[in-house]
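Please look over the sequence and the model shown here before reading on. The paragraphs that follow begin with single residues and then widen to the chain as a whole.

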Amino acid sequence: MAKKQQGKLDEETLALLAWCAEVETHLVAAGATEAEAQEHIEEQAEWYTDQFFDGLTPEEAAKAALA
């Protein structure tokens, strides 16, 4: 059995995190504070993950969240 590497994220997870960081910038541009945007993304992590895998752009996801 291969030993699990700790502290390393796979490429898909890294891409999702980068995507969420871009969503955050759009939420802040729409008037949220950085803390509010981060908290919202954390609270709605499953929804945002679905949007990522559905192929939405960060801008589209932010607009959908604000709708």
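Glutamate 42 has its place in helix H2, which covers residues 34-43, where helices (H or I, at least four residues) are DSSP runs numbered from the N terminus, as are strands (E, at least two). The model is a predicted one, in which local features need pLDDT of at least 70 and side-chain atom pairs count only at pLDDT 80 or more, while totals for chains, interfaces and linings use all residues. Residues are numbered from 1 along each chain as its sequence is written, and side-chain values use heavy atoms, with hydrogens and water left out.

Glutamate 42 counts as exposed because its relative accessibility is 63%; exposed means over 50% relative accessible area, buried under 20%, and partly exposed in between, with a 1.4 Å probe and protein chains only. Together with Glu36, Glu39 and Glu43, Glu42 forms a negative surface patch. Such patches are made of residues with over 30% relative accessible area and no salt bridge, like charges being joined within 9 Å and nonpolar side chains (Val, Leu, Ile, Met, Phe, Trp, Tyr) within 5 Å, and a salt bridge is a side-chain nitrogen of Lys or Arg within 4 Å of a carboxyl oxygen of Asp or Glu.

Helix H3, made of residues 45-53, holds glutamine 51, and aspartate 50 lies in helix H3 as well. Glutamine 51 counts as buried because its relative accessibility is 12%, whereas aspartate 50 is partly exposed, with a relative accessible area of 39%. If residues up to four places away in sequence are not counted, glutamine 51 touches Trp19, Leu56 and Ala61, a contact being heavy atoms within 4.5 Å.

The C-alpha trace spans about 50 × 25 × 15 Å along its principal axes, and 21% of the 67 residues count as buried. Among contacts between residues at least 6 apart in sequence, 53% join residues at least 24 apart. As for charge, the chain has 4 positive and 15 negative side chains, and the centres of the two sets lie 15 Å apart; Lys and Arg count as positive and Asp and Glu as negative, without His and the chain ends.

Methods:
The place of a charge is taken as NZ of Lys, CZ of Arg, CG of Asp or CD of Glu. Accessible areas come from the Shrake-Rupley method with a 1.4 Å probe; for residues, only the protein chains shown count as cover.
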